[in-house]
Amino acid sequence: MSVRLSRSNISRKEIEAVIDVLEVGYLAMGKQVHLFEKNLAEFIGGEVEVACVNSGTAALHLACQAIGLRPGDEVLVPSLTYVASFQAISATGAKPVACDVELETGNLSLEDARTRISSKTKAIMYVHYASNPGNADEILNFCRNNNLRLIEDAAHSFGCLYKNQKIGSFGDVTCFSFDGIKNITSGEGGAVVSLDQELIQKVKDARLLGVCKDSDNRILGQRSWTFNVTEQGWRYHMSELMAAIGRAQLERFKNGEISDLRVSLADTYRNNLKNISGIRFLNYNKGEGSKIIPHILPILVDENKREDLKTFLKENGVESGFHYYPSHLLDYFKTSYALPTVEKMAKELVTLPLHTLMSIEDVEEVCVLVKRFMNSEKS
Ligand SMILES: *Cc1c(COP(=O)(O)O)cnc(C)c1O
């Protein structure tokens, strides 16, 4: 067999949408981006405003800038994340303060975060690890009580529900990624979502080199020739081609085509491997009204078996991954202190293949391999 860890799922719908844009011939940011933002706002609900950008990392960076982070500020962030979270914070000159995670979820440990608050702490960047929003209310209350802003790195959790609310529809500022392998893709891409109109306006200006209100003109197929700039800006806007792909993906996500299967595949893994000793799954958020549409499927195994399991899978045509090497161990973000839970999990984590070009049978075959390996290890 041959199973990739992750893949984009592109149908005729995306291809035709791109051809349509190419035929119109306007490729920069325009009507498609405007419509994608509208479609996303409607999907997420709660009267949010949306600003689309060219990556999830750009979304995080602009969110950090829009809440006013400056050199000298500190942001609490779990170490178990893609390094994008850390880079987005440090891009503003602020310092990412690496925190430990909960053993059961891989999400930020509030207990640890609490001990790292200082007079310089301005925000928490909360990562929904493996699509689990965890206890989002508790994090939000903690931020409100401590006068901190909350940026949710929801790169894994597009379309998930927490207490019957879509991720992004409540909270402070939420960032999504639409890179090639996320729950939906726009080729590359991302979005900043918030109920705070002023904040989204800042993001919209900053994504076009800081040119005030240029986004509005672009959508009309125009641009500003005389303009003002009041802040540092970047070339982070989304293109029409990306938005066309994103809109087609959103439709296919809404009708279940590329969302329901993720849930079924993950459930199949859990059902097939739940009684295998030596394998641990992270907690699913099974609270009232919550629904997880998983982006990745990490399991934990004994640290002495991890590399052998990965090799065994590879020899049998199954790609596996590792989310993530702890950010606080990277030279650029190295901490003077240890983070015991992240460091322990990092030795045990293996990500199994999960994407919507896989079938339930593919997952069952991967599970047979995992079981065969675990059983042979026992004897
Ligand atoms: C993918 C991802 C990002 C960055 O998104 P890009 O679109 O790849 O820039 C940030 N954080 C997490 C947790 C991610 O998985």
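Helices, meaning DSSP runs of H or I with at least four residues, and strands, meaning DSSP runs of E with at least two, are numbered from the N terminus, and the expected span of a helix is 1.5 Å times one less than its number of residues. Helix 10 (residues 260–273), with its 14 residues, reaches 20 Å from its first C-alpha to its last, close to the 20 Å expected at 1.5 Å a residue. This is a predicted model, in which local features need pLDDT of at least 70 and side-chain atom pairs count only at pLDDT 80 or more, while totals for chains, interfaces and linings use all residues. Residues are numbered from 1 along each chain as its sequence is written, and side-chain values use heavy atoms, with hydrogens and water left out.

**Helices 9 and 10**

- Buried means under 20% relative accessible area, exposed means over 50%, and partly exposed lies in between, with a 1.4 Å probe and protein chains only; in helix 10 the buried residues are R262, V263, L265, A266, T268, Y269, R270 and L273.
- Helix 9 (residues 240–254) has 15 residues, which at 1.5 Å a residue should span 21 Å, and its end C-alpha atoms are 21 Å apart, which agrees.
- Helix 9 is mostly covered, since 11 of its 15 residues are buried, and among them are E240, M242, A243, Q249 and F253.
- Taking contact to mean heavy atoms within 4.5 Å, the buried residues of helix 9 pack against helix 1 (12–24) and helix 2 (31–44).
- Just after helix 9 comes G256, which takes a positive phi of about 90°.

**M242, a residue of helix 9**

- M242 lies in helix 9 and counts as buried, at 14% relative accessibility.
- Leaving aside neighbours within four places in sequence, M242 is in contact with N54, S186, E188 and G189.
- Between M242 and G180 there are 62 residues of separation in sequence, and the two are 11 Å apart in space, C-alpha to C-alpha.

**Nonpolar cores**

- A nonpolar core is a set of buried Ala, Val, Leu, Ile, Met, Phe, Trp, Tyr and Cys residues joined through side-chain atoms within 4.5 Å; in the largest one, which has 45 residues, F36, L40, I124, F158 and F178 touch the most other members.
- Several elements give two or more residues to this core, including helix 2, strand 1 (49–53), strand 4 (121–127) and helix 9, and the largest share, 6 residues, comes from helix 2.
- Not counting residues up to four places away in sequence, F36 touches C52, F178, I184, S186, M238, A243, G246, R247 and L250.
- Another core, of 42 residues, lies apart from the largest one and has V75, L80, C175 and A206 among its members.

**Pockets**

- On a 1 Å grid over the protein atoms alone, a pocket is an open set of points where a 1.4 Å probe fits, with protein on both sides within 12 Å along at least five of seven lines, and lining residues have an atom within 4 Å of a point.
- Grid points are joined across faces, edges and corners, and a volume is the space filled by probe spheres set on the points; the largest pocket has a volume of about 380 Å³.
- Of the 28 residues that line the largest pocket, Y82, S177, D179, K182 and Y324 are the closest to its centre.
- Ala, Val, Leu, Ile, Met, Phe, Trp, Tyr, Cys and Pro count as nonpolar, Asp, Glu, Lys and Arg as charged, and the others, Gly among them, as polar; by these classes the lining of the largest pocket has 13 nonpolar, 11 polar and 4 charged residues.
- The second largest pocket holds about 190 Å³ of space, and of the 15 residues that line it, E102, L108, G134, N135 and E138 are the closest to its centre.
- Helix 5 (110–115) and helix 6 (136–145) each supply at least two residues of the lining of the second largest pocket, which divides into 4 nonpolar, 8 polar and 3 charged residues.

**Backbone features in loops**

- Most residues other than glycine have a negative phi, and most peptide bonds are trans.
- A130, in the loop between strand 4 and helix 6, has a positive phi of about 50° although it is not a glycine, and A130 is buried, with a relative accessible area of 13%.
- N147, in the loop between helix 6 and strand 5 (149–153), has a positive phi of about 55° although it is not a glycine, and N147 is exposed, with a relative accessible area of 71%.
- H323 and Y324 are joined by a cis peptide bond, with omega about 5°, and Y324 has its place in the loop between helix 11 (306–315) and helix 12 (340–348).
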